[in-house]
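Visitor: Please show me the model, and then let me ask about it.

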Amino acid sequence: MLNLERLRTLDALARHGSVVAASAALHVTTSAVSQQLGKLERETGRQLVARQGRGVRLTDAGRLLADHAARILSQVEQAEVELEAQRGAVVGELRISAFPTAARGLLPGTLAVLGAAHPALRVRSRELEAGEGVRAVVRGDLDLAVVLDWYNKPLPLPAGLVKAPLLDDPADVAVPVGHPLAGQESVELAELAEDHWITWGEGEFCHEWLMVTLRAQGVEPCTPHRAEEGHTQLALVAAGLGVCVVPRLGRDPVPEGIRTLPVRNGIRRHVYALWRADADRRPSIRAAVAALEEAAAAAAR
């Protein structure tokens, strides 16, 4: 009899490509992954993984069993969904992610509401950038992700996902208090054409949005400083090293030495939750979306 958790480990290795990545996806140690794979090899009597340089690869037998494991795990997940829907109980495990400012501005309230209202539900949360969250939901590593679109740049979404809007999040521009425009009530992006911009990492969705948006305003941005986390960006602004776009969700407290200026005509993000369509009937998904909507309404006030 094949052990389901060992099949899950093999599936994670097949999908993520390395023992380290599989251990991160499963939230276990690398030694635990290796032990589970070793036990699975003994159960099947076949070599499933082989050394390749400093990593491992699946053998032919490993790929064959991994294909079966993916189908088996999908069937098990579907059975759990249907059983949960049939009894209408908010139970089991729910894996959720949110991009950084939503993790700060929405997740604490959401998790508190779920914990109080549904004590039998085990929730595991992670902070992930929007694109990573989408991919994790599609792979089945997450049940639900909080992601974002910018008003002029939608986040590409594959088929088979359901989404629920949570809030529109306005964004301002943060400038040092000594900046020539700091005394204005609002600003145009083109007025900051000569400034240094503090932005996100190369290739990140929000960085790409900023480049497209500034260039549409006739601004070719100079970006000497990059930071993933909003409060790190604000610290760099406070030090007089540049300006940045700062959404309002999860922003407070703003450091001293900064002025935040609304952008004329407005820039904003659309924040929403998404999950796989085949999990749409799960009561735990519905409960989590309701809790997120409650947290979003509080954040928007």
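Visitor: Which residues in α2 meet which residues in α3?

Guide: This is a predicted model, where local features need pLDDT of at least 70, side-chain atom pairs count only at pLDDT 80 or more, and totals for chains, interfaces and linings use all residues. Residues are numbered from 1 along each chain as its sequence is written, and side-chain values use heavy atoms, leaving out hydrogens and water. Contact means heavy atoms within 4.5 Å, while helices (H or I, at least four residues) and strands (E, at least two) are DSSP runs, numbered from the N terminus. On the α2 side V19, V20, A22, S23 and L26 take part, and they meet T30, V33 and S34 in α3.

Visitor: What residue classes make up the contact of α2 with α3?

Guide: Ala, Val, Leu, Ile, Met, Phe, Trp, Tyr, Cys and Pro count as nonpolar, Asp, Glu, Lys and Arg as charged, and the others, Gly among them, as polar. The contact of α2 with α3 has no charged residues, and divides into three polar and five nonpolar.

Visitor: At what angle do the axes of α2 and α3 cross?

Guide: Axes are lines fitted to C-alpha atoms, for helices over the stretch in contact, and angles run from 0 to 180 degrees between N-to-C directions. The axes of α2 (residues 19-26) and α3 (residues 30-44) come within 8 Å, and they cross at roughly 100 degrees.

Visitor: Why is α2 described as roughly perpendicular to α3?

Guide: Angles under 35 degrees count as roughly parallel, over 145 as roughly antiparallel, 65 to 115 as roughly perpendicular and the rest as oblique. The crossing is at roughly 100 degrees. That makes α2 and α3 roughly perpendicular.
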